[in-house]
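Thanks, everyone, let's get going.

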Amino acid sequence: MLTIITPTYNRGDFLPGTYECLLKQTSNDFEWLVIDDGSTDNTKEELEKLQSRTDRSFNMEFHLKPNGGKHTALNYAFPYIKGELSLILDSDDFLTEDAVETVLSTWQKYKNDEKICGLSFLKGKTTDESLAFFPKAEYRSNHIDFRINKNVKGDCCEVIRSDILKKYPFPVFEGERFVGENVLWVNMALKYDTVYVRKVIYLCEYLDGGLTKSGRKFRMNNPLGGMASSRVELNKRIKLKQRIKKAILYSCYGFKAGMKRKEILKTSGHPFLVGLFMPFGRYFYKRWSK
């Protein structure tokens, strides 16, 4: 069974659309787990209405928590996940009608391989317009070697083995509301492979106010999260060009967090690389802070 996790914040008007797309699934072997991250709109009322409906053949469960950001909502979901696999579906996006069926049928080929942490499908504005490009119909690799080192850009629909997902909770920093999901994927890539499947099963349109469109200002306002996202990509398995970029960002976020030079170097785990490019980090900190 698949657990579809929807972390949501002030998207109450969109939840009925998400529900309708799940009703249309050609396979009902899934549960829908919604985590409301402290919404102040009509989210709770909409969830109660949806849970009371009798037209569905899948399990639905929702839980409320104080606002802390999407990564904290995902952490909060861990104890409630019942499925062997987990798929993260944002509340303003949709799945194709055959998405669950595609995930489960594909997983049958790989579920006995303990080195595989999950599957990665394509996202798109339509089923013919994907946000990323995979070179083969099915390609086994990992986030570091494939997505980072081969520079495969674009958001994807990741399906993760739930037991492995629970081993990698996101770091949480008091007063901050964002940590990049690359923290999860890079850490998993150090030990596990992913199968990349060239098929769009996730339809999305980025809305104003969402994380993807929030931009640099939002990231600069969460500097400890930015440091965590940058630090995981300083690993020597990652190509040098990307490590230099992350070294610059690490010191930039460090200065924004109010750290001194020595503290930034000490916490980086890669003091030579970060120190070498720290002048650039200071430059961008001053520029972006304006």
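Predicted model: local features only at pLDDT ≥ 70, side-chain atom pairs only at ≥ 80, totals over all residues.

You'll find Glu 84 in the loop between helix 3 (70-77) and strand 4 (85-88). If we skip the neighbours within four places in sequence, Glu 84 is in contact with Met 1, Trp 107, Lys 111, Ile 160, Arg 161 and Ser 162.

Trp 107 takes us to helix 4. Helix 4 runs over residues 99-107 and is mostly covered, with seven of its nine residues buried. Those are Ala 99, Val 100, Thr 102, Val 103, Leu 104, Thr 106 and Trp 107. Helix 9, residues 223-231, is mostly covered too, again with seven of nine residues buried. The buried ones in helix 9 include Pro 223, Met 227 and Ala 228, along with Gly 225 and Gly 226.

Now for the cores. The largest nonpolar core has 34 residues, and the ones with the most contacts inside it are Leu 2, Ile 4, Leu 22, Trp 32, Leu 87 and Leu 95. Helix 4 gives the most to this core, with five residues. Take Leu 22: leaving out residues up to four places away in sequence, Leu 22 touches Ile 4, Phe 30, Trp 32, Phe 58, Leu 89 and Leu 95. Apart from that core lies another, of 27 residues, among them Leu 33, Phe 78, Ile 144 and Met 188.

On to strand 10. Eight of the 11 residues of strand 10 are buried, so the rest of the structure largely encloses it. And what does strand 10 pair with? Strand 5 (residues 94-95) runs antiparallel to strand 10 and is joined to it by two bridges; there, Phe 94 has Leu 203 as its bridge partner. Strand 6 (residues 116-126) runs parallel to strand 10, with seven bridges, and Leu 119 partners Val 195. Strand 8 is antiparallel to strand 10, with four bridges. Arg 140 stands opposite Val 195 there.

Last topic, aromatics. The structure holds 13 aromatic pairs. One of them is Phe 134 with Tyr 196: the ring centres are 5.5 Å apart and the planes sit at 80 degrees, so we call that edge-to-face. Phe 134 lies in the loop between strand 7 (129-130) and strand 8 (138-141), while Tyr 196 is in strand 10, so this pair ties together parts 62 residues apart in sequence. Both Phe 134 and Tyr 196 are buried. With Phe 277 and Phe 280, the centres are 6.1 Å apart and the planes at 40 degrees, so that pair is tilted. Phe 277 counts as buried at 17% relative accessibility, whereas Phe 280 is partly exposed at 45%. There's also a cluster, where ring pairs link Tyr 19, Phe 30, Trp 32 and Phe 58.

Two charges over rings to finish. Lys 123 lies over the face of Tyr 202, 4.3 Å from the ring centre. The charged end of Arg 177 sits over the ring of Tyr 9, 5.5 Å from its centre.

Terms used:
Residues numbered from 1 in each chain as written. Heavy atoms only, no water. Contact = heavy atoms within 4.5 Å. Phe/Tyr/Trp six-rings, centres within 6.5 Å; stacked < 30°, edge-to-face > 60°. Buried < 20%, exposed > 50% of the residue type's maximum accessible area, 1.4 Å probe, protein only. Lys NZ or Arg CZ within 6 Å of the ring centre and 35° of its normal. Core = buried A, V, L, I, M, F, W, Y, C linked by side-chain atoms within 4.5 Å. Pairing = 2+ DSSP bridges.
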